[in-house]
Amino acid sequence: MSHNDCILKLLNIKDPNLKVIDVIDNLNNGTEKLVLIKAVLSYPISRCRNCGFATVNKNGFAKAHVRLPSLNGIRYEMILHKQRYQCKNCRTTFGATSELTKPNQTLSRKLKNQIMLLAREGLNGELIARICHCSASSVRRTIVERIKPQYRVPVLPKNLCFDEFRSIKNTTSFICCDAQTHKLVVKLPDRLSSTIINYFENRYSKFERDQVESVVIDLNAQYQRFIRRLFPNAKIIIDRFHIVQLAGRALDSCRIALTRSLNKHSREYKILKSQWRLFHKKSDEIDPKNVVYLRGINEYMTQQNAIDLIINKFSEFKIVYQTYQDITLALKNKDITTLNEVLDSYERTNTEMDTTIRTFRKNRSYLINSVTSKYSNGPLEGINRKIKLLKRSCYGFANQQFFFLRIDCIFA
């Protein structure tokens, strides 16, 4: 194997028309080590690209600088002398081309592949530019060139998840994914009903929308109104996490209001203040036998004993606590009967739990669907988590369109 072939193989360049002349290393441009590779690109041409006549002559060389992928943190750049040709018949001139790079571009295709590989890891543009030894603008142009916004998915999934996320500044955007495959379906610039309705009605036929079987949402009444219009045959499922979260907030609200009415030196105050996590644990996970040391109270007792000290003394809090436990256990055990009994037998306590139960009663059929269905918004929450990490690593975005392209880099 010749010296020329060894260098091309090391750089993973497979163009047979490219010949390496010289390699100049140990160069330093002030901030980074630089290796220059001098090469010539030339091959015989029988006919003109413009007129097709066999009247083509060689007409000197044109010099171009090509950025190559970084190896071991070293910047590699090729000074490429491209053969120029001239046609005697039509007097046009043109140059030799190579798969190494696109015409009139300095970044090689493999360097762009390296940029996209790092972009899919969620790195910010400045860091990618330092790793690949190019400018942040080149990184941005490469992402815009390689990632194209999708008009619509080929097949509308039968099970969808709806949610929203914070995009740029104070804008909240709509996001939808497939509940089964967890693939992203669409991102919209806002969460207005008109925007969502126009998207699905303009891109999917009524027949396609009629095939949707279920849609998982949070307790957002806005979604419920247009889902019946867009997907008339779909079951609406309330995400189980949001059900438990709403009941848990009502429990915390009652607990905080109770602590404000107690003496700060009392045992009850210390239990409610320091051992608040005990009241959120499921009743079947609380150990009623083992005695443990409870910090904040500075006493040895069982976890069940600490809970009993509160619920036996405060009747309203006992109702709120028991309602929370029944709701969480009904969701865990997929028990529709228990859930209906909780909603029907609940008595007013003049706490935030009254509003929570009223909301659950209003959406009773959707809560029952959430108990019987296996789908949830968990996949979409995972996507939103990665979007938050992307925003944090990139220190936010000013352009929403480019932000959506960066999201597509991760999930495309």
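A disulfide is a pair of cysteine sulfur atoms within 2.5 Å. By that criterion, this predicted model holds 0 disulfides.

- A disulfide is a covalent bond between the sulfur atoms of two cysteines.
- For Cys48, the closest cysteine sulfur belongs to Cys90 and lies 3.7 Å away, which is too far for a bond because the cut-off is 2.5 Å.
- Cys48 has a relative accessible area of 6% and is therefore buried.
- For Cys394, the closest cysteine sulfur is that of Cys409, at a distance of 9.8 Å, so this separation is likewise too far for a bond.
- Cys394 is also buried, its relative accessible area being 13%.

**The crossing of helices α9 and α10**

- Helix α9 comprises residues 267–274 and helix α10 comprises residues 303–311; their axes come within 10 Å and cross at roughly 120°.
- Because of this angle, the two helices α9 and α10 are oblique to each other.
- The crossing of α9 and α10 is left-handed.
- On the side of α9, the contact is made by Arg267, Glu268, Ile271 and Leu272, while α10 contributes Ala306, Leu309 and Ile310.

**Residues with a positive phi**

- Most residues other than glycine have a negative phi.
- Asn298 has a positive phi of about 60°, although Asn298 is not a glycine.
- Asn298 is placed in the loop between β11, which spans 292–294, and β12, which spans 299–301.
- With a relative accessible area of 53%, Asn298 is exposed, because the limit for that class is over 50%.
- Lys334 is another residue other than glycine with a positive phi, in this case near 55°.
- The loop that holds Lys334 runs between α11 (315–333) and α12 (336–345).
- Lys334 has a relative accessibility of 48% and therefore counts as partly exposed.

Conventions
Residues numbered from 1 in each chain as written. Predicted model: local features only at pLDDT ≥ 70, side-chain atom pairs only at ≥ 80, totals over all residues. Heavy atoms only, no water. Buried < 20%, exposed > 50% of the residue type's maximum accessible area, 1.4 Å probe, protein only. Axes fitted to C-alpha atoms, helices over the stretch in contact; angles between N-to-C directions. Helix = DSSP H or I, 4+ residues; strand = E, 2+ residues; numbered from the N terminus. Parallel < 35°, antiparallel > 145°, perpendicular 65-115°, else oblique. Left-handed = near helix turned anticlockwise from the far one by under 90°. Contact = heavy atoms within 4.5 Å.
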